[in-house]
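Hi everyone, thanks for coming.

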Amino acid sequence: MHPNRRAPRRPAVPGPAIAAVAASCAALLALFLLVRGGNDEAQAGQAASVVRQDGGYGNVAAGPQPVTEIDRTFLVKVRQAGLWEIPAGRLAQTNGSSEAVKRAGLHLLDGHSKLDQLVREDAKILGVEIPNEATEEQQGFVRQLEAARGAEFDRIFANILRSSHGKIFATIAEVRAATQNDLIRRHARQANDTVLDHMEVLEDTGLVEGKTFAEVEAAVTPK
């Protein structure tokens, strides 16, 4: 070998210290990937849960969203509506004389049973406290219906229920227009469809009086 030429340097073999550092880095990388994967799964599970509660109206954005006072009031009113309109629907099957009234009662039973399940699920997700009793006025409506039979029941049922649905229908529109919460938007959509169906079957009874429409108009007209 030429005296001025250096011998080629051999690759250094990692010593114990370097090997330990490499092992630590590998462990940290594995831990990072495990935690990240767990978070992704948790977020996916949360999103899927929200979509299931939502009743199938598309995707709902994951993560916290504002819940305003009008959102909370909306959920309370939907819950209270179910607490007295479901019993009213049952009474229509036993106390009513008209097939149209009985049909309207079945629509109330079906629609408000679904809304009641949805409102309890959404309230839990959003942390909103909802009541377990209807208002005093609503309980009075039920007592009034319990005491009536036949044609008298049919008339009271059609007018009380059409009045209450007309008033909440306007409230739903306000909520849907203003809410920033995806879950409330989709809940309002389902409530809107349900209430519209109920107004129509109540009107189909032919028993809704002019003064009932006037009462609703006075209640929903901006002051």
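A quick definition before we start: a crossing is left-handed if the near helix is turned anticlockwise from the far one by less than a right angle, and right-handed if clockwise. Helices here are DSSP runs of H or I with at least four residues, numbered from the N terminus.

What you see is a predicted model, where local features need pLDDT of at least 70 and side-chain atom pairs count only at pLDDT 80 or more, while totals for chains, interfaces and linings use all residues. Residues are numbered from 1 along each chain as its sequence is written, and side-chain values use heavy atoms, leaving out hydrogens and water.

Let's begin with helix 2 and helix 5. Their crossing is left-handed. The axes lie 11 Å apart, at an angle of about 160 degrees; axes are lines fitted to C-alpha atoms, for helices over the stretch in contact, and angles run from 0 to 180 degrees between N-to-C directions. The two helices are therefore roughly antiparallel, a label for angles over 145 degrees. Their contact (heavy atoms within 4.5 Å) includes Phe74, Trp84 and Leu91 of helix 2 and Phe153, Phe157 and Ile160 of helix 5. By class, this contact has 13 nonpolar, five polar and three charged residues. Here Ala, Val, Leu, Ile, Met, Phe, Trp, Tyr, Cys and Pro count as nonpolar, Asp, Glu, Lys and Arg as charged, and the others, Gly among them, as polar.

Helix 2 (residues 69-95) also packs on helix 6 (residues 182-203), with axes that come within 11 Å and cross at roughly 35 degrees. This crossing is left-handed too. On the helix 2 side we find Asp71, Phe74, Leu75 and Val78, which meet Ile184, His187, Ala188 and Ala191 of helix 6. Six of these residues are nonpolar, one is polar and one is charged.

Now to helix 5 and helix 7. Their axes come within 9 Å and cross at roughly 25 degrees, which makes the pair roughly parallel, the label for angles under 35 degrees. This crossing is right-handed.

So what lines the largest pocket? A pocket is an open set of points on a 1 Å grid over the protein atoms alone, where a 1.4 Å probe fits, with protein on both sides within 12 Å along at least five of seven lines; lining residues have an atom within 4 Å of a point. Among its 25 lining residues, Trp84, Gln138, Phe141, Ser164 and Lys167 are closest to the centre. Helix 5 gives the most, with nine residues. The lining has ten nonpolar, ten polar and five charged residues.

Methods. Angles under 35 degrees count as roughly parallel, over 145 as roughly antiparallel, 65 to 115 as roughly perpendicular and the rest as oblique.
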